[in-house]
Every structure is written in C-alpha cells, then in structure tokens.
Amino acid sequence: MISVQNLWFSYEPDDRKRPNPDKKYALRDISLEIDKRPTAIIGQNGAGKTTFVRILKGLLTANRGAVTVMGEDVSRTTAARLARNIGLVFQNPNDQLFKKTVMDEAMFGPLNIGMGEGAARKSVMRALDIMELSDKLDTNPHDLALSDKKLLCIASVMAMDTDIIILDEPTISQDYVGREKVKRVIRLLRDEGKSVMTIIHDMDFVAECFERIIVFNEGEKLLDGGAKEVFSDAEMLKKAHLEPPYALQLAISMGLGEVCLTEADVIRCMMEA
C-alpha cells in the first residue's frame with residue numbers, strides 16, 4: 001500500500017543530487033513497505049516520525065528517494081489528490097478543527113474528496129456513532145473536551161473512507177473509555193481491510209493494538225518487525241531511548257521467561273508457571 005525507497009529529507013536547502021555529510025537530515029536513507037498490518041512507528045522526539053508521515057501525505061517533499069502510495073508517485077501528485085487514499089489525524093486536534101459544528105466538521109473531508117452528500121452523511125453518522133458523538137451534531141467543536149476533539153478528528157478521517165489512516169498520538173488526552181474507543185476503531189478498520197498506522201509514544205497501547213513496529217532513531221530506521229520481536233530487543237530499544245511495555249517489564253522482573261506484552265499475557269504466564 002505504501003512503498004518507500006532510499007528516502008532522504010532535510011529541512012535545510014538541499015541540492016537533491018547526493019547526501020551532504022555536513023548537513024543535518026531529518027530522515028536518512030529510509031526504505032520500507034507498508035502493508036495492511038496495523039503498524040506503529042515509534043521513537044523519541046526528533047527521531048523523524050512526524051516528518052516521515054507528512055511526506056507520505058504529500059505535506060513535505062523528499063530531497064531524494066521514491067515514495068508511492070497505492071501505486072501513485074507522491075512526488076508527481078498533490079496532497080489534495082492523496083487525501084482520497086490516505087488520511088491523517090493530527091496530534092493536536094486544535095490544528096485540525098475549524099468548522100462551527102461537529103456535523104460540518106465531519107462532513108468537510110468526505111465532501112472535499114468528492115463523496116456525494118448522501119453517502120458522506122451516511123459515512124459521517126456511522127463514524128460519529130462509533131465515537132459516541134452523534135448527540136453533539138450541533139455543538140461547536142471547540143466547545144468539546146480535548147478528548148472528544150481528538151475523537152472527532154478520528155471520526156472525520158474515518159468518514160472519508162480512505163484505504164490508509166495515520167493516527168498521530170491517538171491516546172493523548174484520552175482516559176480509559178477514550179482509549180477503548182480508539183482501540184475499537186483500529187480493530188474495526190483492520191477488519192475492513194484498511195491499513196492503520198500510528199506514530200506514538202504509548203508503548204502499552206502499541207503492544208495491545210499493533211502487529212508491526214518500526215523504530216526510528218535520529219532519522220534512521222533502527223528496527224522493523226513484529227511486536228514481540230521488537231520489544232524483546234533490549235539493546236536496540238536502549239539505543240533508541242525507549243522502554244518496553246510495562247507488562248513486559250513486570251514479566252522480566254518476575255522471571256516469567258516469556259515476552260508478555262499485555263496484562264492478560266502476564267496473568268496467563270503466571271497461571272502456566
């Protein structure tokens with residue numbers, strides 16, 4: 001669904017001919033393929049995660065390398081055209097919300113990519129129902145609690161029915177109930193054949209919801225694999241300044257001898273021991 005080959009990006013002026021060893025690159029020679037597995041991109045601030053997804057969305061242009069989304073060369077199209085295939089939920093909902101009502105906000109994306117009004121309304125109501133926001137259709141989005149603002153942004157992108165959805169820090173400001181709603185959406189989208197990606201610092205949420213993990217560090221791809229494979233690589237996690245999920249830390253401290261990623265895994269291992 002997404003192919004990235006030898007991607008380089010710098011926020012400084014670049015001659016686009018070859019990498020400059022004296023230049024600071026936000027991304028350095030990134031190559032990877034994104035399929036339909038729920039995928040989390042993790043790493044410390046400044047690792048290049050947000051820059052990477054903004055290039056996928058067409059909001060930034062790579063200095064070198066090839067990026068295709070659903071077979072379309074990102075460098076030869078526009079962000080508006082890419083919006084039909086790939087949706088991005090920003091980290092800060094206040095950067096995304098601008099309409100006067102929840103309904104108008106959720107309708108904007110579907111209508112803007114050419115969806116008919118009837119189909120758009122049906123898709124929007126489904127997404128708002130899932131997020132339990134359908135009783136707030138006439139509410140000004142900026143009057144919502146921060147957690148509901150985030151859920152509205154997710155619903156608005158869901159309603160566009162894109163093949164790829166990227167969630168930037170989806171658990172920020174969410175309590176237990178909000179986190180469960182986001183989990184439910186990720187599983188629903190996966191079951192519908194969508195590709196769900198996230199950039200996130202919440203390792204416990206990653207362990208519960210994402211099959212594949214890509215670790216970025218200082219603009220480079222450091223590790224790429226299944227959740228158990230990545231979280232059991234203590235040396236690479238340390239290099240990236242990341243900690244494993246709390247469940248795995250607990251399992252290690254108890255000497256359970258298995259890669260436990262969730263509380264349920266820990267309880268099962270304790271019962272089997």
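Tutor: α5 and α6 are roughly parallel to each other, because the angle between them is under 35 degrees. In this predicted model, the two helices pack at about 15 degrees. Their axes lie 11 Å apart. α5 covers residues 146-158, and α6 covers residues 176-191. The crossing of α5 past α6 is left-handed.

α5 brings Leu151, Ile154 and Met158. α6 answers with Gly178, Lys181, Val182 and Val185. By class, this contact holds 5 nonpolar, 1 polar and 1 charged residues. Lys181 is the charged one, since Lys counts as charged.

Six strands make an open sheet with mixed pairing. The order is β6-β7-β8-β3-β9-β10. β6 (86-89) and β10 (220-226) are the edge strands. Each has a single partner strand, so one side of each has no neighbour in the sheet. From one strand to the next, the twist averages 15 degrees. Inside the sheet, β3 (residues 39-42) runs parallel to β9 (residues 212-217), and 4 bridges join them. Ile41 has Ile214 of β9 as its bridge partner.

A helix also packs on this sheet: α1. α1 touches β3, β6, β7 (164-168), β8 (195-199) and β9. The direction of α1 makes about 145 degrees with that of β8.

Beyond its neighbours within four places in sequence, Leu56 contacts Ile2, Val4, Val67, Val69, Val74, Leu82, Ile86, Ile166 and Met197. Val67 is 11 residues from Leu56 along the chain, and their C-alpha atoms are separated by 7.2 Å.

Cys260 lies between α10 (246-253) and α11 (263-272). Cys260 counts as buried because its relative accessibility is 0%, and the cut-off for buried is under 20%. Leaving aside neighbours within four places in sequence, Cys260 touches Ala247, Leu248, Ala251, Asp265, Val266 and Cys269. Pro141 is 119 residues from Cys260 along the chain. Their C-alpha atoms are separated by 39 Å.

Methods:
Residues are numbered from 1 along each chain as its sequence is written. This is a predicted model: local features need pLDDT of at least 70, side-chain atom pairs count only at pLDDT 80 or more; totals for chains, interfaces and linings use all residues. Side-chain values use heavy atoms; hydrogens and water are left out. Contact means heavy atoms within 4.5 Å. Two strands pair if DSSP finds at least two bridges between them. Axes are lines fitted to C-alpha atoms, for helices over the stretch in contact, and angles run from 0 to 180 degrees between N-to-C directions. Angles under 35 degrees count as roughly parallel, over 145 as roughly antiparallel, 65 to 115 as roughly perpendicular and the rest as oblique. A crossing is left-handed if the near helix is turned anticlockwise from the far one by less than a right angle, and right-handed if clockwise. Buried means under 20% relative accessible area, exposed over 50%, partly exposed in between (1.4 Å probe, protein chains only).
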